[in-house]
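Colleague: I would like a close look at a single part of this chain, and then its setting in the fold. Please keep it brisk.

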Amino acid sequence: MIWPLSAGLFHSEMKSQQPLHVATPVRHSLPLTKVAGTPVYLKLDSSQPTGSFKIRGIGHLCKTVSNSPTFCGRMCVDELLSKELWMTCWYPFMTGMYFLPSQRAEQGCERFVCCSGGNAGMAAAYSARQLGVPATIVVPSVTPNPTVERLRDEGATVVIHGKALNESIEYGEQLVANNPSWIFISPFDDPLIWEGHTSLVKELEQDLKEKPGAIVLSVGGGGLLNGVVEGLRRADWADVPIVAMETMGAHSLNAAVKAGKLVTLPEITSVATTLGLTRVSARTFKLLDEHKVFSEVVTDQEAVKAVERFVDDEKVLVEPACGAALAAVYSGIVRRLQDDGKLPPKLGPVVIVVCGGNNISMEQLRRLKKQLGFI
């Protein structure tokens, strides 16, 4: 059974409201171009009001559910892959029976609950404040204290639970199960989040003079990758490959690629804590058969060195999760993919999604360097 929403109502409501994210700059990077030997452009989502790309998807989800009191919790989306049904229903991308832990109830939305290593929580807290909805953010114990304080500054109630993000998510889902009018905001695994992330590619369409040769991005749970793939399809760029970067110890996508099936990592050991999902979304794994995705892994040392070099080269400080994407250039992965014939020798613009991140400061960077043996 499909629970539709009037397309006219959906479009009129969304057109009448500005999104919670902003259009971010695309900048040609001379230093990274020199390293890569091919033009490199930076999609600077580090300049979002919440410090990371997460506001695109989570802002879209929060705004949508807060404006739709009749949004449903369980639906069959087998038929939604057709363009016609997507125009009249909510959920693209998925097939089969999809369960939304939010149970978006008819009573309306009394509170958002988001579980996050920091960035999704910041996006949810910001969205909640902008929309006038209370928010509870559940974070794992590895979340830095400054990030917790910034979440509180946004007006959110912060609960620290579990060592890994998966444990925080389980706790948040239980909170929502006990409070039917509360809305669970997944940090990555919701088609409305993926829909919000398509806006990034739409901006690239407007700002780039030619089709990208490749998109480089970091992968945690896979929400960004899911949205970017859909955005590329809509832009008629479906042949643009994605270089999906992870750090060793948070490499749930790469582990799934090697195993040929979804894999749950026993634990997260990487310092890139916001990549810390032990299992990627089922949709992300399915996309590996539908889109050209190169899954690559770097060490924590490479990710943190990329963060440090990026500060010197571009005067922008990002967290190690973003450093994983930057390491695709700094550690020679793009060049290797060209040498191996996976990417063409003459490559169009390589776009790196600078996803940003809140779990970083100059002091934290210094501590990470010490922890990893740099100093």
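Colleague: Which residue follows H6, and is its phi positive or negative?

Modeller: Gly155 follows H6, and its phi is positive, near 95°. A word on the basis: this is a predicted model, where local features need pLDDT of at least 70, side-chain atom pairs count only at pLDDT 80 or more, and totals for chains, interfaces and linings use all residues. Residues are numbered from 1 along each chain as its sequence is written, and side-chain values use heavy atoms, with hydrogens and water left out.

Now the helix itself. H6 spans residues 145–153. Helices (H or I, at least four residues) and strands (E, at least two) are DSSP runs, numbered from the N terminus. Thr147, Val148 and Leu151 of H6 are buried. Buried means under 20% relative accessible area, exposed over 50%, and partly exposed in between (1.4 Å probe, protein chains only). These three residues cover an arc of only 100° around the axis, so they sit on the same side of H6. The arc is taken from the directions that run from the helix axis to the C-beta atoms. Asn145 and Asp153 are exposed on the other side of H6.

What covers the buried side? The cover over the buried residues of H6 includes helix H5 (119–131), S6 and S7.

Take S6 next. Ala135, Ile137 and Val139 point one way from S6. Thr136 and Val138 point the other way. In a regular strand the side chains alternate between the two faces of the sheet.

S6 (residues 135–139) pairs with strand S5 (residues 111–115) in the parallel sense, over 4 bridges. Two strands pair if DSSP finds at least two bridges between them. Phe112 has Ala135 of S6 as its bridge partner. For Val113, the bridge partner in S6 is Thr136.

S5 and S6 belong to an open sheet of 4 strands with parallel pairing, in the order S7-S6-S5-S8. Strand S7 (157–160) and strand S8 (182–185) are its edge strands, and each pairs on one side only. From one strand to the next, the twist averages 20°. Axes here are lines fitted to C-alpha atoms, for helices over the stretch in contact, and angles run from 0 to 180 degrees between N-to-C directions.

S1 runs antiparallel to strand S2 (residues 40–44), with 3 bridges joining them. Within this pair, His28 stands opposite Tyr41 in S2.

Then the packing. The largest nonpolar core has 71 residues, and Ile215, Leu225, Leu326 and Ile352 have the most contacts inside it. Such a core is a set of buried Ala, Val, Leu, Ile, Met, Phe, Trp, Tyr and Cys residues joined through side-chain atoms within 4.5 Å. Helix H13 (residues 320–330) gives the largest share of this core, 9 residues. Beyond its neighbours within four places in sequence, Leu326 is in contact (heavy atoms within 4.5 Å) with Leu32, Ala306, Phe310, Val318, Ile352 and Val354.

Glu267 is in the loop between helix H10 (252–259) and helix H11 (282–287). It is partly exposed, because its relative accessibility is 48%. Its C-alpha atom is 9.3 Å from that of Lys163, 104 residues away along the chain. Glu308 lies in helix H12 (residues 300–314). At a relative accessible area of 27%, Glu308 is partly exposed. Glu308 and Lys369 are 61 residues apart in sequence, with 9.3 Å from C-alpha to C-alpha.

Last, the whole chain. It has 15 helices and 12 strands. Buried residues make up 59% of its 375 residues. Of the contacts with a separation of 6 or more, 72% join residues 24 or more positions apart.
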